[in-house]
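Dear colleague,

Please find below the structure that I am handing over to you. My notes on what was found in it follow directly after.

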Amino acid sequence: MGETLHTTNPLRDPADRRLPRIPEPCALVIFGVTGDLAKKKLIPAVYDLANRGLLPASFVIVGFARRDWGDETFEEMAREAAKSHARTPWREEVWARLAGSFKFVPGTFDDDEAFDRLDATVDELRETHGIVGNAAFYFSIPPLAFPTVLKQLKRTGMSDNRQDGGGWRRVVVEKPFGEDRASAAELNHLVDEVFTANDVFRIDHYLGKETVQNIFALRFANAMFEPIWNSNYVDHVQITMAEDVGIGSRAGFYDDNGAARDVLQNHVLQLLAIAAMEQPNGFEAEEIRTEKLKVLRAIKLHDDLEATAIRGQYADGWVQGRPVKGYLAEDNIPQTSTTETYAAVQLGIQNRRWNGVPFYLRTGKRLPKRVTEIAVVFKEAPHMPFADYDTKTLGNNQLVIRVQPDEGITVKFGSKVPGTGMELRDISMGFGYGETFTESSPEAYERLILDVLLGDKTLFPDAQEVDASWAVVDPLEEYWAGTKPEPYESGTWGPQGADLMLQSSGRRWRRA
Amino acid sequence: MHLKDTTTGDIMKSLAKLLHEVGGASGLALNLVALTTEDEREEVEKAASFAAQEHPYRLIMAIPRDLEATEARIDAEVTVGERLGSAEAIILRLDGPAAAHLSSIVLPMLASDVPVVTWWLLDPVRYGLEQELRSFADRRITYSARANDPVQSLHRRAETYVSGDTDICWTRISLWRSLIASAFDGVTHAVEKITIKADDDDPSAQLMAAWLHTRLGVAPEIVDTTVVRNSEHLPAIASVAFTMAGGETMEVERKADGTTVLRQAGLPKRRQTLQGRTLGQLLAEELRHIDPDTAYRRVLETIRENAGERAGV
């Protein structure tokens, strides 16, 4: 062997699947580290990764916020956050290994000096922690602040991949990615210019969920589903993302955006893309993105938007045994607000596979329960050799991917009721991902943070996907502008218009 | 539910009844057949109930009891969702010739068409059951550190390896290996010398040496050292040191309290903790991999070749 130099790690063998993928020594810089997302999701996720042994030996979290804190205060806050919100059991020794790996840089986003200090802090990690430049910048901040922070990163040169001895620089941004196609394009352009497009990670935490990744397995690793996954057999598809909660403390943000921009544009359309895309050539990020993009670009709204683009706004009502206020009575919401808290739309996908198959999407707040699912509803059997009265209660076959909660898959089909007659009824057969596996299913943020640090972009939508999604939502917003959403009682399944949308073609929403 | 002097048919009826009462539990991922003794029963049960949180399985635990008895007799306990966690569990106590005909008892009890994993802590050779257990298992988990002569047991495994064999001694060095592998990220020089301070009698240390040998092409020297372990299922490895072609050194050292220090030339010391895992955690890791472990196979090949060279073959 002697003088040979190797570029890849000789101890890493793809066939050795016990060795987890561990990122190179790196720093995670969080802007807005005092916010809810950092406390409830990001820091706990880092602890969980450490607990599962998935962090490199050298790993530092750098917090940036407008607080007069030292490293110790930050570490103490992080410890509290991890202890109260981590998924895996608390182990002091795991924390002990993270101790001393917390740095805090106080400052505001327009403070040049603070960013110079941040730059110096990240550079010092080379000496103190053996981290030779690798850093991911997590934007847990309002989108309005993005341009300022990006400019600072550019000014200090922090956003540039290091040339001397390696070292990547990546940026992680959360939704919303703009508020329409034009603003998203501007934002994308700005981020891609400061970092390179390849180093930008857009988080859609739905894609970090095991059940969503399992859709790839279900569709492309099995022989029995794909042959019927098309307009020859599928009558229509329903995608539901329901929440029982109201807007909580997000009044300002929510009232400016509404359900379509907040949820439909990202989570729901991503679910649609994964459920409807063609088989990718491989499982590389680029290959999956190509197929997702194709299907997103093939989406077409119905010509009659009045009947197929329904908005609702929750009114007073009862949710799970408790009285709740209507949207207009929420704090900091103007009485005249016409923002929707519910949106249901019918879409078509213009390709051979899905020609003529309606996709019904709905999302809303203050619905009866929290549930996200994709229901593929099949056509009726072409001919039934049974008497009408025997099959009266028989519905269409369904395959339901339950994304959350009760992660799993339900298949609904007709079966004979025991007895001497030939009476048929629907039964459902369930695979419960959750029942036995949940305990070890990582949180979406764990998976996504790890992927950022590893540089794996498979589960992150790129700028073009964001653009294609806005191209679907923009005409809806245009059509809705100046109209009032239909009120619906809190704790019900949304406005009547949404039911009528399906009834007009003899269909109905699945009770999720 | 306890069944005295029973048959497999009655056991399965009891299980079906219990499952019906509990209601619709389904989606078994595998069968786990554990061969154990009354002395080890509690340990095995504890580990199995832990692993069941992650892997929905049917546990069939066989305990040979009175081997001298002339009459074959099966006593069974059937539980679902009780002390064995979420697993469907059948605990068998076998007298006389029943033990020797284990597969005739186990085969009808296996959940259909999901993989069968066998697991034993004791030495099946003692009961003449090794072939019996091999016949229906897709994967066989052993624990060579528990054998009378652990290293010899490892060598025997290297000689007789068939696809699907695995050893908890291999499972328990995963964290160590992962630590060393991540230390090698960014190292570009070839390795010239490897020294492992470890208990020479620990099969895990032998596996570590063989793994490094396989991957780096350098045979490590094991310096026999007494290693203080604060957990039973830790490998008895104190440190692994590398000397690179450029003369640089790198060392991973684990202290008795679990603090692990990585010293690498030109870089500050880095600390990690490396604690022992419970048998349940190790079993859970093991059950995650149902396909043949090619990395383990290669390591055993290295062990076999090295043994051959030493014997002058």
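In chain A, helix α9 (residues 259-276) packs with helix α10 (residues 285-297) at an angle of about 110°, and the two axes lie 9 Å apart. Please note that this is a predicted model. Angles from 65 to 115 degrees count as roughly perpendicular, and α9(A) and α10(A) are therefore roughly perpendicular to each other. On the side of α9(A), the contact is made by A:Leu269, A:Gln270, A:Ala273, A:Ile274 and A:Ala276. Helix α10(A) contributes A:Lys292, A:Val295 and A:Leu296. By class, six residues of this contact are nonpolar, one is polar and one is charged.

Helix α5 (residues 150-160) of chain B packs with α10(B) at an angle of about 105°, their axes being 9 Å apart. That makes α5(B) roughly perpendicular to α10(B). From α5(B), the residues B:Leu154, B:His155, B:Arg157, B:Ala158 and B:Glu159 take part. They meet B:Tyr296, B:Leu300, B:Ile303, B:Arg304, B:Ala307 and B:Arg310 in α10(B). This contact divides into six nonpolar, one polar and four charged residues.

I turn next to the interface of the two chains. Here 43 residues of chain B are in contact with 34 residues of chain A. Between them the chains bury about 3500 Å², with 51% of that area on carbon and sulfur atoms. Within chain B, the residues that lose the most area to chain A are B:Asp185, B:Arg215 and B:Arg270, which together account for 15% of what that side buries.

How many salt bridges are there between chain B and chain A? The count is seven. A:Arg18 forms a salt bridge with B:Glu286, and the closest N and O atoms of this pair are 3.0 Å apart.

Several elements of chain B give two or more residues to the side that touches chain A: α6 (168-171), α7 (174-183), α8 (203-216), β14 (270-273), α9 (279-287) and α10 (294-310). The largest share, six residues, comes from α7(B). By class, this side of chain B has 15 nonpolar, 15 polar and 13 charged residues.

Yours sincerely

Technical notes
Residues numbered from 1 in each chain as written. Chains lettered and ligands numbered in written order. Predicted model: local features only at pLDDT ≥ 70, side-chain atom pairs only at ≥ 80, totals over all residues. Heavy atoms only, no water. Axes fitted to C-alpha atoms, helices over the stretch in contact; angles between N-to-C directions. Helix = DSSP H or I, 4+ residues; strand = E, 2+ residues; numbered from the N terminus. Parallel < 35°, antiparallel > 145°, perpendicular 65-115°, else oblique. Contact = heavy atoms within 4.5 Å. Nonpolar A, V, L, I, M, F, W, Y, C, P; charged D, E, K, R; others polar. Buried area = accessible area lost by both parts, 1.4 Å probe. Salt bridge = Lys/Arg side-chain N within 4 Å of Asp/Glu carboxyl O.
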